[in-house]
Amino acid sequence: MAEIELKVTDTPDPADRDVILKGILAAGEAVAGPANPRPLVIPVRSADGTRVEGGLWGRTSWHWLIVELLFLPESRRGTGLGTKLMLLAEEEAVRRQCRGIWLDTFSFQARPFYEGLGFTCFGTIEAFMPGHDRFFMMKRLVQA
């Protein structure tokens, strides 16, 4: 076996991540077929369009929408904008023939919000950080 180097770093080369990701995708696609990863992003821009205030950042892959980030500034919360973002993302996920949506959230964040949109919790890491749990949530989508 050839020699290898193992070294912990907190300043990785982004190209190294690409090698790891491509390997994972190739292995998964060999078993499950094409992943077809594709970004799904809905930025919330200021009224004049000059700055992003928040939004939704995710991707579709293997017929699932993975919501990686959802953020709204305090001034935009409770206005229905979060629901609108999630519904727009869900509509696009259906267009992309996704089977479902998955995301994670913390006990101090938005679990009740997601449950109100039809998500269920399928996993919990208790005390992920001191005093707070992490929840993994999903919603199955009905295809037309």
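The model is predicted, so keep the cut-offs in mind: local features need pLDDT of at least 70, side-chain atom pairs count only at pLDDT 80 or more, and totals for chains, interfaces and linings use all residues. Residue numbers start from 1 along each chain as its sequence is written, and side-chain values use heavy atoms, with hydrogens and water left out.

**Overall picture**

- The protein has three helices and six strands, where helices (H or I, at least four residues) and strands (E, at least two) are DSSP runs numbered from the N terminus.
- Along the sequence, these elements run α-β-β-β-α-β-α-β-β.
- Of the 144 residues, 31% count as buried; buried means under 20% relative accessible area and exposed over 50%, with partly exposed in between (1.4 Å probe, protein chains only).

**Helix α2**

- Helix α2 covers residues 81-95, 15 residues in all, and spans 21 Å from its first C-alpha to its last.
- That is close to the 21 Å expected at 1.5 Å a residue, with the expected span taken as 1.5 Å times one less than the number of residues.
- The buried residues in α2 are G82, L85, M86, A89, E90, E92 and A93.
- Seen down the axis of α2, these buried residues fall within an arc of 165 degrees, so they line one face of the helix; the arc is that of the directions from the helix axis to the C-beta atoms.
- An α-helix has 3.6 residues a turn, so residues three or four places apart point the same way.
- On the other side of α2, K84 and R95 are exposed.
- Cover for the buried residues of α2 includes the strands β1 (38-45), β2 (52-61), β3 (64-71), β4 (100-106) and β6 (132-140), along with helix α3 (111-116).
- Just past the end of α2, Q97 takes a positive phi of about 65 degrees.

**Zooming in on L85**

- L85 sits in helix α2 and counts as buried because its relative accessibility is 3%.
- Leaving aside residues up to four places away in sequence, L85 touches I42, V44, G55, L56, L70 and L72.
- L85 and G55 are 30 residues apart along the chain, with their C-alpha atoms separated by 7.3 Å.

How values were computed
Contact = heavy atoms within 4.5 Å.
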